[in-house]
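Here is a quick walk through one structure, written for someone who would rather look than read tables. Keep the viewer open and follow along.

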Amino acid sequence: MMVQTSKKNDWKRGPYSRCYWIGYVKGETQYALRRCPKCVELKLPREDAAFCSQDCFKASWSSHKSVHLKAKLSTVREGTLDRTTSAALNEGWLYCLKKGQARTSNLPHFDWTGKLRPYPISSRRSVPPEIEKPDWAIGAIPNIEINSDLQNKVEIKTPEQIERMRETCRIAREVLDAAARVIKPGVTTDFIDEVVHEATIAAGGYPSPLNYHFFPKSCCTSVNEVICHGIPDARRLEDGDIVNVDVTVCYKGVHGDLNETYFVGKVDEASQQLVKCTYECLEKAISIVKPGVRFREVGEVINRHALMSGLSVVKSYCGHGIGELFHCAPNIPHYGRNKAVGMMKAGQTFTIEPMINTGVWHDRMWPDGWTAVTADGKHSAQFEHTLLVIFS
Ligand SMILES: [Zn+2]
Ligand SMILES: [Zn+2]
């Protein structure tokens, strides 16, 4: 996830969902029967939803949860939804509008730049109450982040903060790897989101994108011409697609943020070149990171390498400082001749996350308010790491 340059908005408070346990008495014997809250939400048959205890429910979870996905997917038919069914699904499987603050059952009108279209998104996933959450988990607005001094000055992390960030970044890497393992033709990006969500909470973390400025899902999945911030939806990945999965985990009060672009089945030569070059851009940028290097140099290195392959660099989205805040100073542009001020100092942490396009660098925004696509509909790739500046 990254910062969009020069965008300010006043945000409204958003809704949030909770988890309910329903217990009841059967005959004379008291059975503490548990019904899966998701099955209750989806109005699935009682037989599928009943467990003898919470432990039993937990033990069955990994096999049981596929029931939800199957039920949800069965309601999606070629991009159109039955209104009655969707109403019964607690606002599930609708198209996203207004940055996640609204939904619609019809495909919005838009001058689509390429072949890709949005698909309906599922209802919100819940996070167990025991997991520590950032302020936006409830209110949608990251007030602490917005009002922090660290939007203007670059923090030098303490050894204790660095230690926590190492732990969190390791979890984020493991979560991304779990997502990568399920990528293949026929899998929906919503399922990738489910994997990211479940893996994150299983590690005791909060999926940072969830409800951040109303973002409706737990990771970003950006397919083909999507530059970044694609919303996981009901579309099935197709042979020849490229898909970026961007994961951020919040754990022990700090964030770890990384992303990678994956091939789905057999990908054409041009897209393979794009993904390879984008990976090299990140590697080259990382190789210059050390105390005393100017932040603006990152963009020079990336731009030089992308141009050499006849590719272009996205300008509207940048890398960012990270730590106890998801997004803070410094702003790290990836393009050449940028105006980033200041130089790197030991103890600083920030992301580098170049987005490289096959065609023009210009971007457009889909009606969902999040999905950034290339203006010419040609493919875009990205790789991201969270970095710590050290003396070497
Ligand atoms: Zn990210
Ligand atoms: Zn990021």
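## What you are looking at

Before you start clicking around, bear in mind that this is a predicted model.

## A pair of helices

Two packed helices are described by the angle between their axes and the distance between the axes. Start with α8, which covers residues 159-182, and α9, which covers residues 189-202. Their axes come within 9 Å and cross at roughly 150°. Angles over 145 degrees count as roughly antiparallel, so that crossing makes α8 roughly antiparallel to α9. As for handedness, the α8 and α9 crossing is right-handed.

Which residues of α8 meet α9? They are Val175, Ala178, Ala179 and Val182. On the α9 side, the partners are Phe191, Ile192, Val195, Val196, Ala199 and Thr200. Sort the residues of this contact by type and you get nine nonpolar, one polar and no charged.

Strands of a sheet pair through backbone hydrogen bonds, either parallel or antiparallel. Here, three strands make an open sheet, ordered β13-β17-β20, and the pairing is antiparallel. The edges are β13 (312-313) and β20 (380-382), each of which pairs on one side only.

Now zoom in on β17, residues 355-357. Three bridges join β17 to β20, with the two strands running antiparallel. If you want a landmark there, Asn357 stands opposite Ser380 in β20.

## The annotated site

Which residues does the UniProt record mark as "binding site"? The unreviewed entry lists Asp257, His320, Glu353 and Glu384 under that annotation. These residues span 128 residues in sequence, yet no two of their C-alpha atoms are more than 10.8 Å apart, so they gather at one spot. To find one of them quickly, go to strand β12 (residues 254-263), where Asp257 lies.

Where in the chain does a cis peptide bond turn up? Look between Ala329 and Pro330, which are joined by a cis peptide bond with omega of about 0°. Pro330 itself sits in strand β15, residues 328-332.

The other stop is Ala140, whose phi is positive, about 75°, although Ala140 is not a glycine. You'll find Ala140 in the loop between α6 (136-139) and α7 (143-146).

Conventions. Residues are numbered from 1 along each chain as its sequence is written. Chains are lettered from A and ligands numbered from 1 in the order in which they are written. This is a predicted model: local features need pLDDT of at least 70, side-chain atom pairs count only at pLDDT 80 or more; totals for chains, interfaces and linings use all residues. Axes are lines fitted to C-alpha atoms, for helices over the stretch in contact, and angles run from 0 to 180 degrees between N-to-C directions. Helices (H or I, at least four residues) and strands (E, at least two) are DSSP runs, numbered from the N terminus. Angles under 35 degrees count as roughly parallel, over 145 as roughly antiparallel, 65 to 115 as roughly perpendicular and the rest as oblique. A crossing is left-handed if the near helix is turned anticlockwise from the far one by less than a right angle, and right-handed if clockwise. Two residues are in contact if their C-beta atoms, placed from the backbone, lie within 7 Å. Ala, Val, Leu, Ile, Met, Phe, Trp, Tyr, Cys and Pro count as nonpolar, Asp, Glu, Lys and Arg as charged, and the others, Gly among them, as polar. Two strands pair if DSSP finds at least two bridges between them. UniProt positions are given in the numbering used here, feature names are shortened, and annotations may be inferred rather than shown by experiment.
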